[in-house]
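Please look through the model below before reading on.

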Amino acid sequence: MKPFFFSAVLAIALATSPALGADPTTMVAQWGTIGSAPGQFRLPTGIALDAVGNVYVADHGNNRVQKFTSDGVYVGEWGGLGSADGQMDKPYGIAVSPDGNVYTTEINNARVQKFTLDGLFVRKWGTIGSCPGTFNSPLGIMVDGDGNVEVADAGNERIQKFTSDGVYLTQWGAAYSTPCNPGDVDGGILAGFMCADGSGELVVGDQSILGARRYTTSGTELARWNCCGVGTSEYSYPAGVGIDGDGNIYLSDVLRDKVGVFTSSGVFVSEFGGTGSGGGQFRSPFGLAVSGSGFVFVCDKDNGRIQKFSISGSTPVKRGSWGSVKVLYR
């Protein structure tokens with residue numbers, strides 16, 4: 001099994017690069033600074049939107065979820081360090097379902113928790129392990145068009161699928177030679193975040209191939225592409241992923257501080273970002289989310305903030321599960 005280098009990623013610093021600016025996106029808002037007060041962040045990782053555009057952020061280092069309006073006005077928060085119901089230990093991914101529930105993953109508690117949009121605890125599932133229904137470093141999470149929940153179980157190099165109440169359905173990716181999970185199916189999926197397009201197909205950012213894969217919701221692989229060498233520089237650590245109304249795929253690169261834009265078949269289109277703390281620059285961009293009204297929200301992790309970009313000329317998203325993850329309506 002490939003090791004999961006989350007802590008190593010946080011320690012890597014690359015040389016400063018200029019803003020790339022080849023994409024028709026414009027930074028229109030940003031909020032947050034490094035800290036633990038309301039509206040501040042310590043390593044924001046996952047981000048999701050609800051049906052009216054509210055923004056939910058997995059505030060990894062502060063062990064909480066924070067909720068904002070689409071313009072960054074603080075609404076509320078929930079969590080706190082611990083393993084009790086409603087508490088969190090290193091939350092990472094976050095998703096919002098069509099019926100108005102919020103799902104989070106936690107690395108150290110190896111579980112998924114389900115909340116209302118106001119943060120009231122509903123249920124939880126998962127423990128540490130490699131058997132079906134258990135996790136080892138669960139990262140990205142999304143809700144598909146049928147209301148089922150897909151979880152990127154990174155330490156086990158697989159994706160697991162559950163009902164909205166946590167009943168195990170299936171999995172795909174690596175399968176190890178253990179009594180719980182014999183064999184070797186695909187060599188593993190080292191997935192960070194996931195999204196789905198309008199047809200319900202899943203797109204997964206996969207560090208094991210330095211690119212992305214496309215699947216059916218039953219786990220059949222349809223395509224894969226490696227992002228090394230495209231654009232002005234190579235892609236080293238694909239993480240956040242989202243899709244706009246035209247089917248273009250947005251993929252954040254944690255190590256090279258940029259977001260790349262690709263066609264639905266993986267052909268490079270453009271990119272934006274660059275290393276720094278100015279508007280439109282990043283230090284370790286992680287989860288991202290694409291809204292129905294043509295905006296991209298990016299967790300600028302090491303700068304402790306959220307940045308919002310407009311997408312010029314993009315077709316509005318009508319319905320889908322995107323980013324890390326959310327469900328949109330228009």
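**Notes on a loop residue and some strands**

1. The side chain of N303 comes to 3.0 Å from the backbone oxygen of G276. This is a polar contact (a pair of N or O atoms within 3.5 Å; within protein, one must be able to donate a hydrogen and the other to accept it, and residues adjacent in sequence count only if both atoms are side-chain atoms). The model is predicted: local features need pLDDT of at least 70, side-chain atom pairs count only at pLDDT 80 or more, and totals for chains, interfaces and linings use all residues. Residues are numbered from 1 along each chain as its sequence is written, and side-chain values use heavy atoms, with hydrogens and water left out.

2. N303 lies in the loop between β23 (295-300) and β24 (305-311). Strands are DSSP runs (E, at least two residues), numbered from the N terminus. Why is N303 counted as buried? Its relative accessibility is 14%, and buried means under 20% relative accessible area (1.4 Å probe, protein chains only).

3. Beyond its neighbours within four places in sequence, N303 is in contact (heavy atoms within 4.5 Å) with I34, G276, S277, Q281, F282 and R283.

4. Strands β8 (residues 111-116) and β9 (residues 121-125) pair in the antiparallel sense over four bridges; pairing requires at least two bridges found by DSSP. F115 stands opposite F121 in β9. The two strands form a hairpin with four residues between them, and G119 in the turn has a positive phi of about 90°.

5. An open sheet has four antiparallel strands in the order β18-β19-β20-β21. Its edge strands, β18 (238-243) and β21 (268-273), each pair on one side only.

Notes
Buried means under 20% relative accessible area, exposed over 50%, partly exposed in between (1.4 Å probe, protein chains only).
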